[in-house]
Amino acid sequence: MDCNGYRQENHDQNLFPKPKVLVLEPPPVFIYHEEKLSQKFHFLKAWDSPLPLEQFLTTHAHSVQAILSHGSCPVTTNTIRLLPSLGLIVTTSAGLDQIDLQECRRRGVSVAYAGNLFSADVADIAVGLLIDALRKISAGNRYVTQGLWANNGDFSLGSKLGGRKVGIVGLGSIGLEVGKRLEPFGCNILYCSRNKKSSVSYPYYSNVCELAANCEVLMICCELNDQTRHVINKEVLLALGKKGLIINVGRGAIIDEQEMVRCLMQGEIAGAGLDVFENEPHVPSELISLDNVVLSPHRAVHTEETLMALVDLVIGNLEAFFSNKPLLSPVLLDE
């Protein structure tokens, strides 16, 4: 760019300054696509400031109208109250447990989220974890790479996916995508959800313990809230039984993790496939040592293609807000 072009760009930015957006911690979409996002908005990077968070927020209190957040970064009551000009929180997550929605409702702060953008990717990982746990793919890989095949002979047998009774906890967009993928394998789908779905013919259970007692695989696809925290408890795990598998692509705290570890260690359930954990990024050491457990570092939503689509959704929601237009993926806070 020549000097005249540079002056013109600075002049335009002075006349039309970029809207300021607070980022408490950088979400993956920001890490990978900061340059594209920064063409439209001026990001205030709280994590990069030497100031304590509360002082940083107080310093920018009247200039921050929007926050860009993600699933591992809480937006608390205190944060919202320190920002009197705040009008929008955009989270790159499909889950909302990290945002104080009650305070948003009280203050009239709008919330936009990823909606169903991740559903297909999460369903892929859910089915992948299930196949891995049944057929022992990761365990078999370790058996080969550690030289055990040559020394100890053939690896232990896995189990078939076809014909399995799979109980889905939470038949929302992710649960439906999981069901769609498992049907061609010949799986029998059952489900537990807040309400019976008229759009599907799967057997419905209003009680998660009854669902567990009637299936061989318990697939956790629901959101985390006060009602679902530790809903998968000792009673549910024992109902699932010694031949049962549990797969979790929801949130770690939906399962009582200590009870799950105990059940796995004592053979009360057959195995697990986990993309989420109760105290991320910390994973119980007992899980790491078990060959009947498949672990993934909360990456179900992270594909190159979806991150690109997420950039466009984030930009679209922020542009809509600053242009006083309807959000592209609003959370209905009145519900």
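Tutor: Strand β4 (residues 88–91) and β5 pair in parallel over three bridges, where pairing takes at least two DSSP bridges between two strands, and strands (E, at least two residues) and helices (H or I, at least four) are DSSP runs numbered from the N terminus. Val90 has Ala112 of β5 as its bridge partner. This is a predicted model, so to speak of local features pLDDT must be at least 70, and side-chain atom pairs need 80 or more, while totals for chains, interfaces and linings use all residues. Residues count from 1 along each chain as its sequence is written, and side-chain values use heavy atoms, without hydrogens or water.

Zooming out, the open sheet has five strands in the order β2-β1-β3-β4-β5, paired in parallel. β2 (42–45) and β5 (110–112) are the edges with a single partner strand each, so one side of each has no neighbour in the sheet. From one strand to the next, the twist averages 25°.

Now the helices: α14 lies across β1, β3, β4 and β5, at about 175° to β4; angles run from 0 to 180 degrees between N-to-C directions, with axes fitted to C-alpha atoms, for helices over the stretch in contact. α2 lies across β1 (20–23), β2 and β3 (66–69), at about 140° to β2. α2 (residues 28–38) and α14 (residues 304–322) also pack together, at about 55° with axes 10 Å apart. Their contact (heavy atoms within 4.5 Å) includes Tyr32 and Leu37 of α2 and Leu307 and Ile315 of α14.
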